[in-house]
Amino acid sequence: MAKTDNSSFEQKLFKAADKLRKNIDAAEYKHVVLGLVFLKYISESFAELYDKLEADEWSDPEDRDEYIAENVFFVPKLARWTHIHSQAKLPTIKPLMMQWKP
């Protein structure tokens, strides 16, 4: 029988933060975590509007102007949370992150 994880969301976040903290200097840690939280936030807003635009036959979900009109950050393909999440355990994640320029 598989184990079930009954820990709260906050506990899971702190576990993940502890894993990161071991490899990163404390002064740099806040920049990494805040950057990831911000990226997750804008990616969720982007994905919500992306789905709406994709459903509309007259809209282009890859058109940056569609997002500017709605005051939503346009997130390039390589910077989208789904892409980063799928690549997170690969050794190439750092070069991937360095390619993205807003």
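Visitor: Hi! Which residues are in the largest nonpolar core?
Guide: Twelve of them: Leu-39, Ile-42, Phe-46, Leu-49, Tyr-50, Leu-53, Tyr-67, Val-72, Phe-74, Val-75, Ala-79 and Ile-84. A nonpolar core here is a set of buried Ala, Val, Leu, Ile, Met, Phe, Trp, Tyr and Cys residues joined through side-chain atoms within 4.5 Å. Buried means under 20% relative accessible area, exposed over 50%, and partly exposed in between (1.4 Å probe, protein chains only).

Visitor: Which helix gives the largest share of this core?
Guide: That is α2, with six residues. Helices are DSSP runs of H or I with at least four residues, strands are E runs of at least two, and both are numbered from the N terminus.

Visitor: Before I go on, what sort of model is this?
Guide: A predicted one: local features need pLDDT of at least 70 and side-chain atom pairs pLDDT 80 or more, while totals for chains, interfaces and linings use all residues. Residues are numbered from 1 along each chain as its sequence is written, and side-chain values use heavy atoms, leaving out hydrogens and water.

Visitor: Now rings. How many aromatic pairs are there in the whole structure?
Guide: A search finds five. Rings of Phe, Tyr and Trp (its six-membered ring) pair if their centres lie within 6.5 Å; planes under 30 degrees apart count as stacked, over 60 as edge-to-face and the rest as tilted.

Visitor: Why is the pair of Phe-38 and Phe-73 called edge-to-face?
Guide: Because their planes are at 85°, with the ring centres 5.6 Å apart. The pair links distant parts of the chain, 35 residues apart: Phe-38 is in helix α2 and Phe-73 in the loop between α3 and α4.

Visitor: And how accessible is each one, Phe-38 and Phe-73?
Guide: Phe-38 is partly exposed at 43%, and Phe-73 is partly exposed at 48%.

Visitor: Which residues form the aromatic cluster?
Guide: Phe-46, Tyr-50, Tyr-67 and Phe-74 form one cluster.

Visitor: New topic: where does Asn-71 lie?
Guide: Asn-71 is in the loop between α3 (64-69) and α4 (81-87). Asn-71 is exposed, with a relative accessible area of 74%.

Visitor: Last one: how many helices and strands does the chain have?
Guide: Five helices and zero strands. Of the 102 residues in the chain, 20% are buried.
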